[in-house]
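Reader: I am new to this structure and would like to learn how to read it. Could you walk me through a few of its features?

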Amino acid sequence: MARVAIIGGGPAGYEAALVAAQLGADVTLIEATGPGGACVLSDCVPSKTFIAASSVLTEIHESSELGVATLEATADPVAVNGRVRRLAAQQSADIAQKLAGVGVDIVHGRGALRVDKGYNYVHELHIVPTEGEPYEADADVVLIATGATPRTLTSAPVDGERILTWRQLYDLKELPEHLIVVGSGVTGAEFASAYLAMGSHVTLISSRDRVMPHEDAEAAETVGRVFVRRGMDVRNHSRAAAARRTDDGVEVELDDGTVIEGTHALICVGSIPNSDNLGLHAYGITVDERGFIPVDKVSRTNVPGVYAAGDVTGVHALASVAAMQGRIAIWHALGEAVRPIKLAHVAANVFTDPELASVGVTQADVDSGKVDCRGVLLPFASNPRAKMVDRTEGFVKLFAWNSSGIVAGGVVVGSRASELITPIALAVEQRLTVEQVARTFTIYPSLSGSVAEAARQLMEF
């Protein structure tokens with residue numbers, strides 16, 4: 001029986017553990033915070049739960065066009081954050097129950113690699129449980145899935161009270177009166193959107209010419225316009241030099257000397273991989289200059305029998321990618337047939353309001369001539385369902401290969417874009433043509449009808 005040791009219990013780790021158990025391995029999962037890891041307990045699950053509450057407020061506040069009169073709706077931060085923590089804990093408990101049900105040994109603690117004793121293809125780990133004495137264990141296969149930690153700035157010392165990372169927001173007893181968000185990438189944009197809907201005044205500091213600079217330009221600009229229309233103060237072409245506490249709040253100083261005063265500052269400037277204290281260097285495992293562990297398309301490191309998956313690899317900071325990397329690693333390690341991960345087929349979503357989702361080739365790829373594709377953009381302003389629910393901001397954009405008519409990618413901006421991107425992702429993965437998508441019956445009226453309509457327009461080329 002193969003012995004599999006997994007360090008880290010987030011999506012990469014627990015999904016890998018489930019696969020390993022299914023294949024009959026003896027599985028040990030080592031996790032310090034709890035099953036589900038930071039993704040479930042402090043990152044993805046809590047943030048999306050919080051955003052779900054903010055989305056309800058947005059729908060209430062913007063319902064007047066529907067002819068529905070509403071009383072003033074407000075958020076109770078204690079109740080909202082309490083629900084966030086309860087759902088995160090419940091999800092972690094559900095994962096623990098599932099793992100235990102298939103025989104995975106869950107060790108609450110930390111693990112690290114030790115230089116082996118010289119026998120072939122067996123790895124030794126040093127395990128430090130939260131309770132009890134440290135001990136050593138052998139494994140035939142090791143998966144490192146330790147995730148990442150919010151990056152902070154020395155010029156903006158985090159105190160967990162006024163200057164915060166996104167993991168500390170759920171400890172607040174009151175909504176920030178004025179939240180200054182430093183960083184306009186995916187995480188910064190999501191929290192800026194959510195707290196704006198909750199009733200906070202929000203200033204978003206963006207060092208580039210638009211929010212979410214790495215997303216589709218037209219999509220990001222659409223989201224940015226909605227932010228401004230709803231009252232957000234978006235500071236493009238600005239970079240935070242420092243953040244400091246004041247007597248009753250914070251002040252954020254920009255590179256040009258401008259000082260912005262607020263009650264709280266949220267630092268969203270990326271993540272640092274959790275690759276320290278794992279014994280990687282001594283073990284001969286390659287770690288790049290940023291701390292990420294390079295892996296190939298089946299999640300192998302440069303050391304036989306040692307794999308890595310999830311945010312610690314720097315591949316894509318997405319739970320779906322981490323989970324697939326973990327599954328692929330175990331399938332490969334235990335000799336199952338496996339298809340290398342296809343990052344070009346990964347669907348991603350930004351949970352702002354409106355949402356922004358994408359998959360496959362990008363507009364930048366098309367414009368630069370990197371890919372031979374044609375595209376079409378269909379605004380939701382022409383979609384009857386979008387008009388009925390008064391959510392007409394955004395669009396569906398679809399790309400197809402000129403040579404074959406096969407769907408190459410797409411972008412969706414709008415309400416529930418995270419759901420609408422799935423049929424496009426399915427078309428990309430299964431190599432469906434625009435004709436096949438166009439001939440698929442859709443519900444009328446529906447937002448998904450715009451996907452089929454975009455495909456019909458692409459057929460005309």
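This is a predicted model: local features need pLDDT of at least 70, side-chain atom pairs count only at pLDDT 80 or more; totals for chains, interfaces and linings use all residues.

Reader: How is a pocket found, and which residues lie nearest the centre of the second largest pocket?

Author: Rolling a probe the size of a water molecule over the atoms shows where empty space is left. On a 1 Å grid over the protein atoms alone, a pocket is an open set of points with protein on both sides within 12 Å along at least five of seven lines; a cavity is a set where a 1.4 Å probe fits but cannot get out; lining residues have an atom within 4 Å of a point. Grid points are joined across faces, edges and corners, and a volume is the space filled by probe spheres set on the points. Here 21 residues line the pocket, and Ile51, Ser55, Phe351, Glu355 and Arg416 lie nearest its centre. Helix α3 gives the most to this lining, with seven residues.

Reader: Which residues line the largest cavity?

Author: Phe50, Pro77, Asn81, Leu169, Leu172, Glu174, Leu175 and Tyr195 do. The volume of this cavity is about 30 Å³.

Reader: How do I read two packed helices?

Author: They are described by the angle between their axes and the distance between the axes. Helices (H or I, at least four residues) and strands (E, at least two) are DSSP runs, numbered from the N terminus. Axes are lines fitted to C-alpha atoms, for helices over the stretch in contact, with angles from 0 to 180 degrees between N-to-C directions. In this model, the axes of α1 (residues 11-22) and α8 (residues 319-333) come within 7 Å and cross at roughly 35 degrees.

Reader: And a sheet: which strands stand at the edges?

Author: Strands of a sheet pair through backbone hydrogen bonds, either parallel or antiparallel. Two strands count as paired if DSSP finds at least two bridges between them. Five strands form an open antiparallel sheet here, in the order β18-β19-β22-β21-β20. β18 (348-350) and β20 (373-379) are the edge strands, each with a single partner, so one side of each has no neighbour in the sheet. Six bridges join β19 (residues 355-360) to β22 (residues 407-414), and Val359 has Gly410 in β22 as its bridge partner.

Notes
Residues are numbered from 1 along each chain as its sequence is written. Side-chain values use heavy atoms; hydrogens and water are left out.
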